Amino acid sequence: MLAALGRRSVGITELFGHLGHFVADTLRAVPDVRTWGRQIFPMMRRIGVDSLPIALFIAAFTGIVLALLASYTVTAAVPLYFVGALVGKTTMLELGPVLTGLALAGRVGANIAAELGSMRVTEQVDALETLAYDPHAYLVLPRVMAGTLMFPIIVAFAMATAIFMGWVAATTLLPITTAEFLRGLRLFYVPFDVTFGLIKSASFGFVITMIGCFLGLNTRGGAEGVGDATTRTVVYSAEMILVLDAYWAITLLRP
Amino acid sequence: MKRADEVLVGVVVLIGIALAVVGSIWLSQVRLGASDIRHEARFRSVGLLQVGNPVLLRGVKIGRVESVTLGRNDWVMVGLRLKGTQKLPERTVAIIFSATLFGDWAVQLLDRHDLPNDPDVRRQVQEAALNAGAVWPGAALPDVGQLTQQAGRIAGDLATIAGRVQEAFDSSSAEKLRGAFTDISRLSKVLANMASQQQQVLTRIGGNLDTGTASLARFATAMERTAHRADSATDKAQIQHILSSADTVGVALRATATDLRSLVGAARSQQESFVRIVARFDSVMGRVNAGEGTLGRLSRDTTLYTEAVATVRQMRLLLADVQANPRRYFQFSVF
């Protein structure tokens with residue numbers, strides 16, 4: 001058992017070592033703008049714009065549920081305008097970035113891992129290297145940059161949608177007026193709430209795309225390896241999202 | 001395809017950035033381009049005041065808290081962003097208070113004359129105003145937590161008192177208390193009897209009062225009637241008649257006064273005559289007293305008195321003899 005534990009520890013350490021090398025190689029590819037520059041917009045569309053519907057869908061229902069949960073939670077002693085405060089704060093600080101990140105971990109991370117894993121197992125990556133293309137500049141950097149840049153944009157849309165749908169639910173399903181909802185929304189609002197959510201979402205985008213690229217390019221075997229890489233990407237991405245969520249809360253929200 | 005990607009991504013990115021920026025500005029209630037004014041106030045403590053909390057003037061929101069920072073000499077500096085159109089009090093003081101039970105804090109701007117009658121608040125303001133310059137002095141009202149703590153301490157004290165009462169209330173105390181209750185019951189009966197008697201007395205007094213009140217009412221009615229009569233007697237014709245009578249009386253009085261004056265004049269002359277007579281009588285009497293003249297000598301010489309008495313006695317004897325022997329003295333003949 002100790003031997004297994006040791007082997008596991010060594011394996012994890014080795015994984016982090018590979019990941020460190022992978023990140024360093026990616027950063028070294030940043031000056032190669034001519035290679036990744038041509039890929040960035042298609043990647044931004046695929047990772048960002050095409051992910052908007054699922055992100056907005058999740059955000060809309062999150063806003064509705066948040067408003068109803070808030071009204072259910074607050075008792076007669078708490079004024080109902082706190083529904084607005086709860087919807088706004090929760091959406092901006094936590095649920096907007098995290099739920100969107102988890103959803104995109106499945107969609108974007110799995111997509112990247114499957115795509116790059118397939119390229120790896122079909123030796124397309126080897127072919128690119130043969131043609132003197134740096135896979136990090138051609139495949140990894142556009143995806144990572146697109147993810148890092150587009151995740152905050154998607155999360156901004158998600159925040160706005162969740163708050164809007166929270167307002168709709170509150171004013172139609174609850175005995176609360178628009179003025180009361182806005183009063184609660186503005187009551188505890190500070191601009192850093194949005195900044196915090198966007199910083200988190202950018203880090204989520206970076207980590208999800210980086211994990212997808214790393215596991216995809218390190219796929220071994222055939223279709224099974226691709227499937228394994230995809231699954232591990234989703235799992236690791238989800239775990240990393242929660243770890244980063246805690247990290248940002250500790251570093252940025254702690255008084 | 002590539003150009004379409006760029007356009008689409010650009011649109012989404014721009015909208016996303018606009019959503020984040022405009023939404024943040026809207027929620028922060030920052031008025032871009034407005035002539036906002038920034039003021040600074042200092043406090044010893046700001047409770048749970050946060051950036052974004054409202055600033056009120058007479059209960060109306062006129063701005064928001066822009067910053068809360070620690071300053072020199074243990075002051076907390078609070079930046080306030082206010083609408084530039086507001087007329088502020090001459091000697092502005094910032095008071096921080098808990099607006100609701102749920103951490104909803106606010107800053108109220110007051111004139112220094114309108115401070116709450118709280119010695120602690122006044123002391124805080126006085127301290128903050130020293131060498132403050134352009135910085136507004138400020139004070140924080142006690143928040144709900146402090147009040148709750150105070151209430152908790154009071155509740156603790158009550159619990160201690162209750163515990164001590166419970167310790168003191170043993171079986172002997174219960175017996176004594178029972179005895180005391182019996183005494184109180186007896187005393188209550190006595191008091192009830194006394195109250196009953198007093199009530200009877202009061203009832204009698206009430207009856208008398210009723211009678212007196214009725215008499216007073218009758219008296220008042222009579223007075224009212226008299227007043228009516230007096231009132232009716234003072235109508236216009238009667239008053240004229242009274243005035244004319246009064247004129248007549250006046251004339252008569254004037255004539256009487258004239259008569260009286262003449263009488264007084266006559267009396268005065270009679271008085272003078274009387275004074276003269278008295279003076280003469282006085283001089284006569286003086287001479288009599290001095291034994292001068294016939295009367296004087298008579299008044300002082302007892303011989304005359306003695307002779308007169310003897311004469312009277314002789315006269316009585318003579319009269320008696322005449323009555324007894326009339327023929328000795330009188331001769332009666334017809335021819």
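The model is predicted, and the predictor gives the complex an ipTM of 0.72 together with a pTM of 0.57. Chain A comes to nine helices and zero strands, while the secondary structure of chain B comes to eight helices and seven strands.

**Confidence**

- For chain B, the pLDDT averages 78, and 84% of the residues score at least 70.
- Where pLDDT is low, the predicted coordinates should not be read in detail.

**Chain A as a whole**

- Reading from the N terminus on, the elements of chain A run α-α-α-α-α-α-α-α-α, in keeping with a count of nine helices and zero strands.
- Chain A has 255 residues, and buried residues make up 47% of them.
- Among the contacts in chain A with a separation of 6 or more, 85% are accounted for by residues 24 or more positions apart.

**Chain B as a whole**

- Chain B has 335 residues, of which buried residues make up 20%.
- When the contacts in chain B with a separation of 6 or more are considered, residues 24 or more positions apart account for 52% of them.

**Helices H4 and H9 of chain A**

- Two packed helices are described by the angle between their axes and the distance between the axes.
- In chain A, the axes of helix H4, which covers residues 82-121, and helix H9, which covers residues 223-253, come within 8 Å and cross at roughly 150°.
- Because angles over 145 degrees count as roughly antiparallel, H4(A) and H9(A) are described as roughly antiparallel to each other.
- The crossing of H4(A) and H9(A) is right-handed, and the residues of their contact divide into 13 nonpolar, eight polar and two charged.

**Helices H6 and H7 of chain A**

- Helix H6 of chain A (residues 135-173) and helix H7 of chain A (residues 178-187) have axes that come within 10 Å and cross at roughly 140°.
- H6(A) and H7(A) are therefore oblique to each other, and their crossing is right-handed.
- On the side of H6(A), the contact is made by A:Ile163, A:Gly166, A:Trp167, A:Ala170 and A:Thr171, and on the side of H7(A) by A:Thr178, A:Phe181 and A:Leu185.
- The residues of this contact between H6(A) and H7(A) divide into five nonpolar, three polar and no charged.

Technical notes
Residues are numbered from 1 along each chain as its sequence is written. Chains are lettered from A and ligands numbered from 1 in the order in which they are written. This is a predicted model: local features need pLDDT of at least 70, side-chain atom pairs count only at pLDDT 80 or more; totals for chains, interfaces and linings use all residues. Side-chain values use heavy atoms; hydrogens and water are left out. pLDDT is the predictor's confidence in each residue, from 0 to 100. Axes are lines fitted to C-alpha atoms, for helices over the stretch in contact, and angles run from 0 to 180 degrees between N-to-C directions. Helices (H or I, at least four residues) and strands (E, at least two) are DSSP runs, numbered from the N terminus. Angles under 35 degrees count as roughly parallel, over 145 as roughly antiparallel, 65 to 115 as roughly perpendicular and the rest as oblique. A crossing is left-handed if the near helix is turned anticlockwise from the far one by less than a right angle, and right-handed if clockwise. Ala, Val, Leu, Ile, Met, Phe, Trp, Tyr, Cys and Pro count as nonpolar, Asp, Glu, Lys and Arg as charged, and the others, Gly among them, as polar. Buried means under 20% relative accessible area, exposed over 50%, partly exposed in between (1.4 Å probe, protein chains only). Contact means heavy atoms within 4.5 Å.
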